[in-house]
Amino acid sequence: MASSFSSIFVCNVFLFLQISMLLVSASMDHNNVVPFVLDKGALTGGYVCAPYVSIYTSQIWGPTRDCTICTAYCYGACDALRTQHLNTQCTAVGDNLFCECCCRLPAPPPAPACPPPPPCPSPPSSDTCETGDTYTETTMPSSDCAACSNWCKEDCSELGGRVIENKCAIGESSFVRRCKCCCRGGKSGPKIVLGLGSGK
């Protein structure tokens with residue numbers, strides 16, 4: 001890792017020194033070289049940068065025929081655009097130079113990772129007696145359905161389960177109640193029907 005970092009640092013320093021030397025040389029040999037704002041529509045260089053990969057910029061400099069001016073300009077222009085220099089095109093236009101540059105666009109950031117799908121919700125618990133629950137019936141000598149409710153709670157409690165269904169109906173007379181109970185959990189097992197009795 002340290003070796004790779006040192007190599008990158010040395011390369012960057014070398015490139016900086018090269019550009020500096022070009023700029024100094026251009027300024028010493030061409031003190032009167034200045035950028036021009038001219039109609040570039042008449043120029044037919046046809047220099048095209050790759051779309052979606054790089055951007056194009058240009059400038060006319062003169063009077064000069066030294067293409068190192070274009071090289072120095074393109075490196076500086078790409079750096080000002082926060083991009084990387086790719087190519088330089090130098091075209092003579094009379095006593096001037098038409099400098100064209102392609103600068104590499106920065107790579108787009110990676111797309112965010114898709115979050116994992118949410119877990120499938122558990123099916124809602126049924127409130128009806130199903131296979132695996134314990135089902136019992138009995139008759140109670142009572143005219144109050146509360147007797148059935150209490151009996152069912154006690155029955156399920158002894159099994160360590162909970163009441164799923166508790167039904168009460170009039171039995172053979174108005175003083176008899178027919179109780180139906182369904183328990184789930186604990187020691188509950190497959191549906192069974194206990195014989196009718198007089199309760200617990």
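Let's start at one cysteine: Cys168 counts as partly exposed because its relative accessibility is 29%, where buried means under 20% relative accessible area, exposed over 50%, and partly exposed in between (1.4 Å probe, protein chains only). Before going on, please note that this is a predicted model, in which local features need pLDDT of at least 70, side-chain atom pairs count only at pLDDT 80 or more, and totals for chains, interfaces and linings use all residues. Residues are numbered from 1 along each chain as its sequence is written, and side-chain values use heavy atoms, with hydrogens and water left out.

Cys168 forms a disulfide with Cys145, the sulfur atoms being 2.0 Å apart; a disulfide here is a pair of cysteine sulfur atoms within 2.5 Å. The link of Cys145 and Cys168 is left-handed, with -80° about the S-S bond. Cys145 lies in the loop between β5 and α3 and Cys168 in strand β6, so the pair ties together parts that are 23 residues apart in sequence. Helices (H or I, at least four residues) and strands (E, at least two) are DSSP runs, numbered from the N terminus.

Strand β6 leads us to an open sheet of 3 strands, in the order β5-β7-β6 with antiparallel pairing; two strands pair if DSSP finds at least two bridges between them. Its edge strands, β5 (134-140) and β6 (162-170), each pair on one side only. From one strand to the next, the twist averages 15°. Helix α3 (residues 146-159) packs on the sheet and touches β5, β6 and β7 (contact means heavy atoms within 4.5 Å). The direction of α3 makes about 30° with that of β7; axes are lines fitted to C-alpha atoms, for helices over the stretch in contact, and angles run from 0 to 180 degrees between N-to-C directions. Between β5 and β7 (residues 177-184) there are 7 bridges, and Tyr135 stands opposite Cys182 in β7.

Now for other cysteines: the structure holds 10 disulfides. One of them joins Cys49 to Cys102, S to S 1.8 Å, and is left-handed because the torsion about its S-S bond is about -100°. This pair links distant parts of the chain, 53 residues apart, with Cys49 in the loop between β1 (34-36) and β2 and Cys102 in strand β4 (residues 96-104). Cys49 counts as buried at 10% relative accessibility, and Cys102 is buried at 3%.
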